[in-house]
Amino acid sequence: MKFFAVAGSPVLHSKSPLIFKHFFNKFSVEAAYGRVAANSAGEIIFIFNSFGFDGMNITTPFKNEIIPCLSELDEVASATGSVNTIIRWENGAKGFNTDPLGVVRALESRNIQPQGKKCAVIGAGGAGASAAFGLIQKGAEVTIVNRTVEKARKLAASLGCQSAEPDFWADIIKDAE
């Protein structure tokens, strides 16, 4: 049997165990999925290794903090500086970021093609970085807006897009497609 969990703080409200249980049953996967309430990224890795988890979903506030604890990152996690999934790997745990694909697929499922569109991303944390990265990969013109202007600027510079100060949120959102 394989063991998985979602790790974060807070995490007890997460519906992930119910969702994964449904799919494990539907596809006859012998696996269990739980929740891990943690105080730090280091604690998540300690629990991951100590209890022999095969994989974990990483959520707030550890999507960025978990990176130094991992032995390897996929290309998307490296580019976004954000991890939402870890799996047991050769010499530790490898981090992945599937959020950009999720953002793009959610839009495309509603027949919204990001290419050439003006998009506003509100927030410069792990989820904001992921959304911006996914949209940029699909050819969107992205502007990141965040309460902390410097954080938005830094992320925008690393991804090759624009940032705007919070004073201009209304204009940016109004202009976004």
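**Exercise 1.** In this predicted model, find which residue just after H1 takes a positive phi.

*Solution.* Go to the end of helix H1, which spans residues 16–26. Just past H1, Ser28 has a positive phi of about 55°.

**Exercise 2.** Sort residues of H1 into buried and exposed, and state how the buried ones are arranged around the axis.

*Solution.* Step 1: apply the cut-offs, under 20% relative accessible area for buried and over 50% for exposed. Step 2: Ser16, Pro17 and Phe24 come out as buried. Step 3: look down the axis of H1; the buried residues fall within an arc of 90°, so they line one face of the helix. Step 4: turn to the other side of H1, where Leu18, Asn25 and Lys26 are exposed. Step 5: look for what covers the buried residues of H1; the cover includes strand E1 (2–8) and strand E2 (31–37).

**Exercise 3.** Describe the largest nonpolar core: which members touch the most other members, and which element gives the largest share?

*Solution.* Step 1: the core has 19 residues, and those touching the most other members are Ile44, Met56, Ile58, Ile66 and Ile86. Step 2: E1, helix H2 (41–50) and strand E3 (55–58) are the elements that give two or more residues to this core. Step 3: H2 supplies the largest share, five residues. Step 4: take Ile44 and leave out residues up to four places away in sequence; Ile44 then touches Ala7, Ala38, Met56, Ile58, Phe62 and Ile66.

**Exercise 4.** How many residues does the second, separate core hold?

*Solution.* This core holds 16 residues, among them Phe133, Ala140, Ala152 and Ala156.

How values were computed:
Residues are numbered from 1 along each chain as its sequence is written. This is a predicted model: local features need pLDDT of at least 70, side-chain atom pairs count only at pLDDT 80 or more; totals for chains, interfaces and linings use all residues. Side-chain values use heavy atoms; hydrogens and water are left out. Buried means under 20% relative accessible area, exposed over 50%, partly exposed in between (1.4 Å probe, protein chains only). Helices (H or I, at least four residues) and strands (E, at least two) are DSSP runs, numbered from the N terminus. The arc is that of the directions from the helix axis to the C-beta atoms. Contact means heavy atoms within 4.5 Å. A nonpolar core is a set of buried Ala, Val, Leu, Ile, Met, Phe, Trp, Tyr and Cys residues joined through side-chain atoms within 4.5 Å.
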